[in-house]
Structure formats: structure tokens, C-alpha cells
Amino acid sequence: MKRKVGNVCYHVFIIMFALLMLYPLLWMISASFKETLEIFQGTNFFPESFKLENYAQGWQGLSGITFGRFFFNSFFIVIVAMIGNLSSCLLAANAFAKIKFPLKGFWFALMMGTLMLPMHVKLIPQYIMYNKLGWINTYLPLMVPKFLATEGFFVFLMTQYMRGLPREIDEAAICDGCGQWQRFIRITVPLSVPAIVTTTIFTFIWTWNDFFSQMLYITGIEKFTVALALRQFVDATGNSSWGALFAMSTLSLLPLFFMFVFFQNYLVEGITAGSIKG
């Protein structure tokens, strides 16, 4: 009996804590259906009447450019970034985990050292370099580095996961005449699916929510992403369209929500396996 009471209290506490953490999100979703006056002066959590006009008004966007364009820009950057980050980090991790080369430990330690380097140290040199290359107001600064394995966290995650794979499989493949590239494509990549999915999800989330870098390198409104458009949306419309702002903010969270829902099992497996194996 005491155990049942304890379990009930535990689950009640977890549910209450979850509701507390989710309250800002739930409030924003509720506010997206309210009029501006009701948002700031109303006392009810739920709207008196659901106003879909906020979504229609918000979708109209800025300066004749709809939010559909901003969503397209964000998805374009995210997809290219995921492809680049995934391919480059896979190759780098395979080298650290499977291939012997001179000063391997030194290069791995140097890669790990990049995780401790604050982004503010790199900010000005990178901007000067991209400016000289003529990449300002383009998507290149946001996408090209992803093809160069610059994300040390993902290289480390995949390296640890690959080191935990059974060596007997590689040895059997070598006996069958498979080369390094064949072993990578046919064995390492299929067995590293959890780590690959984890990298994909985090790359999607970090790139989608990357407001600072996008603000720094993108200046033309026609190239704005969702994150930039939401900020500009406040500046452009003032206090009269908060409902539309909350509506578009709610829509901007849907891709992140679906990523977690569909790939949460792989996400947990990839993180835990990469942390305890090696």
C-alpha cells in the first residue's frame, strides 16, 4: 500500500512539474488564438473565442513576403546543414575510430579542444573572412562550415559510438576482401544509425533556432529565416499584432515537435550509447 501511495505521489509530482515547465509554451499557444487586448488584459488562460485571424494575418508576412517564404528559407538552410554535418562528421569519426594515422591522439585532442573555445573568440575573424569572400547576405556562412566537420561534439559522439561496434564484424569483412570504403558504407554507417539520427536531430534543432548567426550574415528580407522574420515582425507591426506573432511562433515550433516525436527512440539510444561505449 505504501509503495502504491509513493508511486502515485511520484507521478503527480512529475506531472505537476511537467505542466510547470510547459506553461509558457501552452500560454503562447493559447495567446495565438486571442485578440491583443485579451492577451494582456484578460484573466482567463483559455481564449474566450478562438481567433484564427491571427494565423491568417501572421502568414501574410512582411513587405509582401509571406511566412511561407521564410519557412522555405529555414528548411533549405537546415536540410543542407544536416547533409553537410552528417557526411563530414561521419567521415571524421570513422577516421578517428577505425583508421590508424600519425598523431591520431593529438588530432583527436585538438578536435576536443575546439569544444572549449567560445564562439565569441571566432566571431570577428570569421566575419572578416566571410566578408572578404563576399559571402555576407548569403547562406554560405551558415552551410559551408557544416561540410568541414566543424562540430566537434558530433564528431566525438559518432567516434565513441563507432568505437563500441564489434571489431569482429570489421575483421570478417576484411577476410571477405572488403576495403576501407566498403566497410564504411556497408557496415559502419548502417550500424551507426542511432548516432546518425541523434546528429541529424540536433543539427536540425540548432540550425533552426540559430538566431544570432543568421542575424549576423543575412541582411536582405527576402532571405530571412523564420527566426529573423519573427524578430522583424515585432519591429514592423508594433503592439497591434501580438496574436499574429504568437501564431507564427507556434507554427515555427511544429517542425521541432515532429522531429522529437518521430525520432525520440533513436535520440535516446544514440546519446546513451555514445556516452557509455568506447
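This is a predicted model: local features need pLDDT of at least 70, side-chain atom pairs count only at pLDDT 80 or more; totals for chains, interfaces and linings use all residues.

Biologist: What volume does the largest pocket have?

Modeller: The volume of the largest pocket is about 1,100 Å³. It is lined by 32 residues, and those closest to its centre are Lys122, Gln126, Lys146, Thr150 and Glu151.

Biologist: Which elements give two or more residues to that lining?

Modeller: They are helix 6 (119–132), helix 7 (140–143), helix 8 (152–163), helix 11 (193–208) and helix 12 (211–217). Helix 6 supplies the largest share, six residues.

Biologist: And how do the residues of the lining of the largest pocket divide into nonpolar, polar and charged?

Modeller: There are 21 nonpolar, seven polar and four charged residues in the lining of the largest pocket.

Biologist: What about the second largest pocket, and which residues lie nearest its centre?

Modeller: The second largest pocket has a volume of about 210 Å³. Its lining consists of 13 residues, with Ala97, Lys98, Arg167, Asp170 and Arg183 nearest the centre. By class, this lining has four nonpolar, one polar and eight charged residues.

Biologist: Which helix gives the most there?

Modeller: Helix 9 does, with four residues. At least two residues each come from helix 4 (67–98), helix 8, helix 9 (167–175) and helix 10 (180–191).

Biologist: How many cavities of 30 Å³ or more does the structure hold?

Modeller: It holds one, and about 30 Å³ of space lies in this largest cavity. Lys98, Leu165, Pro166, Ile169, Asp170, Ile187, Thr188 and Leu191 form its lining. Helix 9 and helix 10 each give two or more of the lining residues, and helix 10 gives the most, with three. The lining divides into five nonpolar, one polar and two charged residues.

Biologist: Let us change topic to helix 11. Is it largely enclosed or exposed?

Modeller: Helix 11 is largely enclosed by the rest of the structure, because twelve of its 16 residues are buried. Among the buried ones are Pro194, Ile196, Val197, Ile201, Phe204 and Trp208.

Biologist: Now the rings. How many aromatic pairs are there?

Modeller: The structure holds 26 aromatic pairs. One of them joins phenylalanine 204 and tryptophan 208: the ring centres are 5.7 Å apart and the planes are at 10°, so the pair is stacked. These two residues are four apart in helix 11, so about one helical turn separates them. Both phenylalanine 204 and tryptophan 208 are buried.

Biologist: How are the planes of tryptophan 242 and phenylalanine 246 set?

Modeller: Their planes are at 35° and the ring centres are 6.0 Å apart, so that pair is tilted. Tryptophan 242 and phenylalanine 246 are four residues apart in helix 14 (residues 242–276), so they too are separated by about one helical turn. Tryptophan 242 counts as partly exposed at 21% relative accessibility, whereas phenylalanine 246 is buried, at 13%.

Biologist: Which residues do ring pairs link into a cluster?

Modeller: The cluster consists of Trp59, Phe67, Phe70, Phe71, Phe75, Phe204 and Trp208.

Biologist: One last point: which residue lies over the face of phenylalanine 108?

Modeller: Arginine 163 lies over that face, at 4.8 Å from the ring centre.

How values were computed: Residues are numbered from 1 along each chain as its sequence is written. Side-chain values use heavy atoms; hydrogens and water are left out. On a 1 Å grid over the protein atoms alone, a cavity is a set of points where a 1.4 Å probe fits but cannot get out, and a pocket is an open set with protein on both sides within 12 Å along at least five of seven lines; lining residues have an atom within 4 Å of a point. Grid points are joined across faces, edges and corners, and a volume is the space filled by probe spheres set on the points. Ala, Val, Leu, Ile, Met, Phe, Trp, Tyr, Cys and Pro count as nonpolar, Asp, Glu, Lys and Arg as charged, and the others, Gly among them, as polar. Buried means under 20% relative accessible area, exposed over 50%, partly exposed in between (1.4 Å probe, protein chains only). Rings of Phe, Tyr and Trp (its six-membered ring) pair if their centres lie within 6.5 Å; planes under 30 degrees apart count as stacked, over 60 as edge-to-face and the rest as tilted. A charge sits over a ring if NZ of Lys or CZ of Arg is within 6 Å of the ring centre and within 35 degrees of the ring normal.
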